[in-house]
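Here is a friendly walk through one protein chain, with a close look at two of its residues. Have the viewer open as you read.

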Amino acid sequence: MLIAYCSHSLVTLVCVSLLQVAYSTLRLAGDKHKHYEGRVEVYYNGEWGTVCDDDFSIHAANVVCRELGYVEAVSWSPSSKYGKGEGRIWLDNVHCSGLERTLAQCESNGFGVSDCKHSEDVGVVCSQRRIAGFKFISTLTNNVESLNVQVEDVRIRAISSQRKRVPMTEGYLEVKDGGKWRQICDLEWTEMNSRVICGMYGFPGEKRYNTKVYKLLSKRRKKNYWGFGVNCTGNEASLHGCKLGHKVELRGNTTCEKGLPVVVNCVPGRAFAPSHAQGFSKAYRVEQPLVRLRGGANIGEGRVEVLKNGEWGTVCDDSWNLEAATVVCRELGFGSAKEALTGGKLGQGMGPVHMNEVKCSGFEKSLTECYFNRDALGCSHEEDAAVRCNVPAMGFQNRLRLSGGRNPFEGRVEVLAEKNGSLVWGTVCSDSWGTIEATVVCRQLGLGFANNAFQETWYWSGDVSADDVVMSGVRCSGTEMTLAQCLHHGKHLDCPRGGGRFAAGVSCSETAPDLVLNAQVVEHTTYLEDRPMYILQCANEEHCLSSSAAAATSSSYRRLLRFSSQIHNNGLTDFRPRAAHNSWIWHECHRHYHSMEVFTHYDLLSLNGTKVAEGHKASFCLEDTQCEEGIEKRYECANFGQQGITVGCWDTYRHDIDCQWIDVTDVVPGDYIFQVVINPNFEVAESDYTNNVMKCRCRYDGHRIWISVIRTSDIFDYWPNALNR
């Protein structure tokens, strides 16, 4: 006897068999990095099974993805890329034209007829774009009944007293089904369910709420319950990974008579909390974080780096998945992970690879608590793991806009500010406006990295009504989430040039270079040389010697601290100088053109940070000295060629080149700090400036010098000085 319950949803006809059904639903399972990829599994005859890769094609992959609510397939993978499945192999020799509505409609050997092994399980990668009606959740499934329920959207609806709160952390949980918003009965609701919902909305934790308030509201309001419960384990990245709970009997006003509509109350990370005291204390370690994100364009994304023995290192992407990525995201005060990225997609790090084959349950408080293999042999920085986290909806993008640009990634910066008791759009004064400020603007708008900062925007015809300056004296450190968090004059504006044509502007880019100095090369090539003054005339004219050299005789000697510098581009796009080709400067000492007049700072500091040797601002010709295997050199200094550093290449300035030194002639013996800073004026935008500084401990006895690199965890005291640039 077959008993079936059928309902018509927005996209498909969904039939529920309470006993047995020939074919029910699909899911993507296995060792996957994103929710829209995985091993294809079919629910048939009360049991989940896999699909063999024999004769599988992109047409079959398209059918699978559309059945799951995605617009199309991007690719498919044979040979159990997402791990070997268990149980039956339900389908083999699948032939699809691409027009079928379900995989079951494609030709095959029939259910259960297969000569394959699980080493042949097929997987697919679907497009992120969803079919209308599948906006948020693809499918909720139940292992007991063959059930396929499609939900169009999910939301947290705040009560009136909470609606103006940012971020919105508390309210009724509602799902949209059949075009109507419906509540969920809380009789089976658990903290694990709330944990998943909060993670989806960018919050690392959940807490109890005031039930008295919602009981009173429930009596006054008409309720419209959804017909199912939800059963989450707590480590799902989003609600679509949860199972369905029991079916709820809909009886009008008496539905869920012993319960209430589900309410969730989430705890934001400290960076998003109205005050730090209300933040999620377990997810934010101000004193010394053990995990950080680097190289990401937007809030809550980046390459994962771990601190071990005072040295930051990366994580190898072997076995990297959403569970591990979610642990990182929650640890840093974000929600669950949207993506676990592999293959150095958010830039390659430097230094050691600290963790490999990371395996997390999803409930660890820190990535360092997960199981991992300390042996990273065979892992390179091409395999650096990264994450994209869910972040709270803060409305940052509603208070800032770019106007007049040729595309959405450029334009005059306009800010929504309070003026005479009302909110008006206005411009930002361009005095002191630079790349760091532009970086914050691009991040706030979700447009990636800064490409350029403009102090004149007359060529962009912005909104005339927004010409007046509403923000001046802006100075950012680069870590702010919004322009309003940067230092600025407040209500007391000071902008002599005014707004209009002199208003601040930006251009943004989805990718950026990332320069990193190889500290070991500096450490291993440093030495002292006494060089006669008569062969240093060219260097003296270029201000590469200390001021006492001006009075030195040609027969005297200068003591030089010499070293090589090897500067890698670990970003996602080439590093190119801002100066136009025709404005480059010829340098007689080096016999080539320099495209950046100030590319590095070399300094010798006392232990309290004061300069003891007059460092100099070194100018460079930028070229690809050497590249990683398979990458072709693109830039060279000879013959007035194009200058830059290609992704995956490095520019080496050898120790024996003029000006590749610090003049220490007047330095007395003692302990010092040797400091090198790349791109010190932030002239060219990068994805990460914090790795542009190298410091070494330095001991000088008057005849010899000893150098040891200070680990990167000790060098960030340089960056507060960025505000004084």
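Arg-559 is buried, with a relative accessible area of 19%; buried means under 20%, exposed over 50% and partly exposed in between (1.4 Å probe, protein chains only). This is a predicted model, in which local features need pLDDT of at least 70, side-chain atom pairs count only at pLDDT 80 or more, and totals for chains, interfaces and linings use all residues. Residues are numbered from 1 along each chain as its sequence is written, and side-chain values use heavy atoms, leaving out hydrogens and water.

| Residue | Relative accessible area |
|---|---|
| Arg-559 | 19% |
| Val-248 | 18% |

Where does Arg-559 sit? Its place is in strand E31, residues 557-562 (strands, E, are DSSP runs of at least two residues and helices, H or I, of at least four, numbered from the N terminus). Leaving aside neighbours within four places in sequence, the residues in contact with Arg-559 include Asp-530, Asp-663 and Tyr-700, where contact means heavy atoms within 4.5 Å.

Val-248 belongs to the loop between strand E14 (243-247) and strand E15 (263-267). Beyond its neighbours within four places in sequence, Val-248 is in contact with Trp-226, Gly-227, Phe-228, Gly-229 and Thr-255. The C-alpha atoms of Val-248 and Cys-185 are 8.0 Å apart, while 63 residues separate the two along the chain.

Now for the whole chain. It has seven helices and 42 strands, and buried residues make up 55% of its 725 residues. Of the contacts with a separation of 6 or more, 70% are between residues 24 or more positions apart.
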